[in-house]
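Subject: Structure for your review

Dear colleague,

Please find below the structure that I am handing over to you.

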Amino acid sequence: MSGKLEAKIAELRGLGVVVGVTAKTNDRSGEFSNAELAAVHEFGSPAHNIPERSFLRKPLIKNVAVVANLAKNAVEKFIAGQITAEAVFGTIGEEAKGISKTAITEGITPALKPATIKRKKSSKPLIDTAQLLNSITYEVRK
């Protein structure tokens, strides 16, 4: 491996991207934070009769090939000197954020119960005030 390539790889080491509700987007009006609400819906809460409605894990797993191809292209651009190491992870984060938000806006399963639809006046899970939807973001971290 050439010294130049090794140096480029070293720039990528220690960087990562997190996707979901971050500290910057955690605040919301109401009794729960965005992160608490996200966790309840992502994993479900049998004790509160709330089913799992994964808007992060399942949609990203379903789209792993898309994200992997995007990452490959971003790394190639980075090695060619066209983008920064942070931009590689930013590209991945932006795509993952979009996949998650699209999953919510297109409708997460399982469907809402009729009583919930009547109360919310909407049949789409996870969309009521849009606070959770708008809190989904990403951060490139060292």
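The notes below set out what was found, one region at a time.

Please bear in mind throughout that this is a predicted model.

The largest pocket

The largest pocket holds about 700 Å³ of space. Its lining is made up of 28 residues. Those nearest the centre of the pocket are Leu 37, His 41, Ile 50, Arg 119 and Asp 128. Three helices each contribute at least two residues to this lining: helix 2, helix 6 (114-120) and helix 7 (131-135). Helix 2 contributes the most, with four residues.

The loop between helix 2 and helix 3

Ser 54 belongs to the loop that runs between helix 2 (34-43) and helix 3 (57-62). Is Ser 54 buried or exposed? Its relative accessible area is 7%, and because buried means under 20%, Ser 54 counts as buried. The side chain of Ser 54 has a polar atom 3.3 Å from the backbone nitrogen of Arg 57. If neighbours within four places in sequence are set aside, Ser 54 is in contact with His 41, Glu 42, Pro 59 and Ile 108.

Although Asn 49 is not a glycine, its phi is positive, at about 60 degrees.

Other points in the backbone

Ala 130 also has a positive phi without being a glycine, with a value near 70 degrees. Ala 130 sits in the loop between helix 6 and helix 7, and it is partly exposed, with a relative accessible area of 22%.

Which peptide bond is cis, with omega near 0 degrees? It is the bond from Thr 109 to Pro 110. Pro 110 is placed in the loop between helix 5 (85-106) and helix 6.

Residues brought together across the chain

Thr 25 lies in the loop between strand 1 (16-21) and helix 2. Thr 25 and Asn 134 are 109 residues apart along the chain, yet their C-alpha atoms are separated by 8.2 Å. With neighbours within four places in sequence left aside, Thr 25 is in contact with Asn 34, Ser 135 and Thr 137.

A second pair of this kind involves Ala 68, which is part of helix 4 (residues 64-79). Its C-alpha atom is separated by 8.6 Å from that of Ile 92, a residue 24 places away along the chain. Ala 68 counts as partly exposed, at 44% relative accessibility.

Aromatic rings

How many aromatic pairs are there? The count comes to zero. One ring does have a charged group over it: the charged end of Lys 8 sits over the ring of Phe 78, 4.4 Å from the centre of that ring.

Yours sincerely,
A colleague

Definitions and conventions: Residues are numbered from 1 along each chain as its sequence is written. This is a predicted model: local features need pLDDT of at least 70, side-chain atom pairs count only at pLDDT 80 or more; totals for chains, interfaces and linings use all residues. Side-chain values use heavy atoms; hydrogens and water are left out. Buried means under 20% relative accessible area, exposed over 50%, partly exposed in between (1.4 Å probe, protein chains only). A polar contact is a pair of N or O atoms within 3.5 Å; within protein, one must be able to donate a hydrogen and the other to accept it, and residues adjacent in sequence count only if both atoms are side-chain atoms. Contact means heavy atoms within 4.5 Å. Rings of Phe, Tyr and Trp (its six-membered ring) pair if their centres lie within 6.5 Å; planes under 30 degrees apart count as stacked, over 60 as edge-to-face and the rest as tilted. A charge sits over a ring if NZ of Lys or CZ of Arg is within 6 Å of the ring centre and within 35 degrees of the ring normal. On a 1 Å grid over the protein atoms alone, a cavity is a set of points where a 1.4 Å probe fits but cannot get out, and a pocket is an open set with protein on both sides within 12 Å along at least five of seven lines; lining residues have an atom within 4 Å of a point. Grid points are joined across faces, edges and corners, and a volume is the space filled by probe spheres set on the points.
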